[in-house]
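This report describes a predicted model of a protein assembly. The sequence and structure come first, followed by the text.

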Amino acid sequence: MLNAIDKHLLKTIADLHDIPQGAYNIRKNGVGISRSSTANIEIKTKEDKPGIDVIIKPGTKGESVHIPVIISAEGLNDVVYNTFDIGEGADVLIVAGCGIHNSGEGKAQHDGIHNFIVRKGARVRYVEKHYGEGNGRGERILNPQTILELEEGAYAELEMVQIKGVDSTKRYTEAKLGKEAHLLITERLLTHGNQFAESRILIELIGQDSSTQVISRSVAQEDSKQIFYPRVVGYNRCRGHVQCDSIIMDNAQIRAIPEISANHPDAQLIHEAAIGKIAGEQLIKLMSLGLSEKEAEKTILEGFLR
Amino acid sequence: MLEIKDLSLNVEGEKGSVEILHNINLTLEDNKFYVFTGPNGGGKSSLAKVIMGIYKPTQGKIFFNGRDITDLDITERAHLGIGYAFQQPPRFKGLTVEKLLQISAGNNKVVDCCNYLYDVGLCVQDYVGREVDNSLSGGELKRIEIATLLARDLKVAIYDEPEAGIDLWSFSKLIETFRNVHARQHGITIIISHQERILNLADEIILLADGTIKQQGSREYMLPLLLGDIERICPRDRMERGEDSVECNR
Ligand SMILES: Nc1ncnc2c1ncn2[C@@H]1O[C@H](COP(=O)(O)OP(=O)(O)OP(=O)(O)O)[C@@H](O)[C@H]1O
Ligand SMILES: [Mg+2]
């Protein structure tokens, strides 16, 4: 049922060698091909539109959900709506991700729209990896949307990674945080060739003592373009910290347009943004340890995007 | 053996080309411990960088065990066993201490990070997983920089002001480490330093000022000159400020 290409994509995006343990849903070329629920995690097909509902019972601890998407057909435009309901006090790992193998001429596109409700005191770690391959000329396009609502004391960690292979991506992430909720977003992006990547983030700190940290690291190589629009809005006593750090190379272009806005005297919001090339001293140091210039560059980028 | 012959270095500054090193002639022998010393801006780091291949000399040649290495690049010199610990080491976001030491030791060797960190007085558990980024203090970064040289099999090891930022308590341990490493490696050790306790380690001391070698000789010959006769290095008639305008530690 899973061929060699599928398995390779699964391994890259979800670190899976085969069918995962625990709850999972594997979607291939626009249809679900394999699914498993567990006693605490129920996965069911949406009735009104394509996609799934993932319902995690309150108090579920230490379980994981894998929902990889693989696309190996060209000319496909797959739009999917997934909803995650993470019950009170639960603590789970959700591994999503999309791998596209496009060896044709037509484009292959996947737009995943993910809605999360993280209920009181629940914790979730959400990992989303994007990967594209295939030597056809067909474009590989991914436009993910992640919409979160964090209730009182909820904690969410989003890890979003896209290293090479995706021609065009427009990412949108939106979150509303309740009292004492915390959201950590780490984003890592590498573009090359003529790729284009845009990331918009809107975080609204609504509840008292809610807090967020956004760490974005990106590398733009060759003729690629990147645009970042991180926004944090504080409506209460809250803390927000956004760090955008980019390495620019070759003829690439990077724009970072941050916004922090405070609507409360006790809102503490910080934004740091930096774009620059690899420091010459770093290359020299690694070369003086015996690496070639190319190896030194690779080591610096790997560390930066780790 | 490292031989530097008629070496000059010009760099392009804001006001055109400036000469930083002038007509340097120097022979450094295996198994010997050298200390380069001299006033700030005298050319010590620049000479070290020329040996490492970071700066290309404008004139002159460098021979390593009889081979002309003047045109070799940094990587090639590293492969010959030349190493340089920076005066101001760069920081790397995301690169761990362990990874950096692994690179230093060469990727094929099983690295014994623990010993090198111990040698520079850092607790292994606390540091192997840390990133070599802004979170490290100045002294910690210097110690890790020294460890990157200890991890290698070097024929020429150059440490640029290794004691800078290292606290008093660790200083003796560091001195001990340099002594041991030098004895182990059978190569040339060069330390750039202003510290008497490091000058005391030297077989030979080389005094650099204004981009030239002002004086050189055995420790026994040089130390009294350096410590006693500051006048010779900074003649009073050329001094624009009185001694009381600065804090003199010696
Ligand atoms: N890349 C460069 N461009 C311009 N000037 C330089 C450059 N590198 C060194 N210099 C100048 O050359 C001189 C010697 O510098 P160098 O760093 O070698 O001194 P040093 O002896 O190591 O001093 P310190 O004891 O302060 O470390 C200084 O005047 C310095 O400003
Ligand atoms: Mg110096």
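## Strands, metal site and chain contacts

In chain B, strand β7 and strand β8 (residues 188-192) run parallel and are joined by five bridges; two strands count as paired if DSSP finds at least two bridges between them. Helices (H or I, at least four residues) and strands (E, at least two) are DSSP runs, numbered from the N terminus. Within this pairing, Ala157(B) has Thr189(B) of β8(B) as its bridge partner. From β7(B) the chain passes through helix α7 (residues 168-185) of chain B to reach β8(B), a β-α-β crossover that is right-handed. Right-handed here means that, with the strands pointing away from the viewer, the path from the first strand over the helix to the second runs clockwise.

Strand β6 (residues 82-85) of chain B also runs parallel to β7(B), with four bridges between them. Tyr84(B) has Ile158(B) in β7(B) as its bridge partner.

Is β7(B) buried or exposed? Five of the five residues of this strand (residues 156-160) are buried, so β7(B) is largely enclosed by the rest of the structure. Buried means under 20% relative accessible area, exposed means over 50%, and partly exposed lies in between (1.4 Å probe, protein chains only). Val156(B), Ile158(B) and Asp160(B) are buried on one side of the strand, and Ala157(B) and Tyr159(B) are buried on the other.

Chain B as a whole contains ten helices and ten strands. Of its 250 residues, 50% count as buried. Among contacts in chain B (heavy atoms within 4.5 Å) between residues at least 6 apart in sequence, 66% join residues at least 24 apart.

The model is predicted: local features need pLDDT of at least 70, side-chain atom pairs count only at pLDDT 80 or more, and totals for chains, interfaces and linings use all residues. Residues are numbered from 1 along each chain as its sequence is written, chains are lettered from A and ligands numbered from 1 in the order in which they are written, and side-chain values use heavy atoms, with hydrogens and water left out.

**Magnesium site.** The magnesium ion (ligand 2) has Ser45(B) (OG) and Gln87(B) (OE1) as its protein donors, at 2.0 to 2.2 Å. Ser45(B) belongs to helix α1 (residues 44-52) of chain B and Gln87(B) to the loop between β6 and α3 (97-105) of chain B, so the pair, 42 residues apart, links distant parts of the chain. Ser45(B) is buried, at 18% relative accessible area, whereas Gln87(B) is partly exposed, at 32%. Donors are N, O and S atoms within 2.8 Å of the metal (3.2 Å for Na, K and Ca); water is not among the atoms, so sites may look incomplete.

**Interface of chains A and B.** Contacts involve 26 residues of chain B and 18 residues of chain A. About 1,800 Å² is buried between the two chains, and carbon and sulfur atoms give 62% of that area. Buried area is the accessible area (1.4 Å probe) that two parts lose on being put together, summed over both. On the chain B side, Phe92(B), Lys93(B) and Ile103(B) lose the most area to chain A, together 30% of what that side buries.

Helix α2 (residues 280-287) of chain A has six of its eight residues buried, so this helix is largely enclosed by the rest of the structure. The cover over its buried residues includes α3 (293-304) of chain A together with α2 (74-80), β6, α3 and α6 (138-150) of chain B. Lys285(A) is among the buried residues of α2(A), and its side chain meets that of Glu145(B) in a salt bridge.

**Salt bridges.** A salt bridge is a side-chain nitrogen of Lys or Arg within 4 Å of a carboxyl oxygen of Asp or Glu.

| Pair | N to O distance |
|---|---|
| Glu145(B) and Lys285(A) | 2.8 Å |
| Arg119(A) and Asp85(A) | 2.9 Å |
| Glu131(B) and Arg306(A) | 3.0 Å |
| Glu302(A) and Lys298(A) | 3.3 Å |

Glu302(A) and Lys298(A) both lie in helix α3 of chain A, four residues apart, about one turn of the helix. Glu302(A) is partly exposed at 43% relative accessible area, and Lys298(A) is exposed at 52%. Arg125(A), Glu157(A), Glu159(A) and Arg188(A) are linked in a network of salt bridges.
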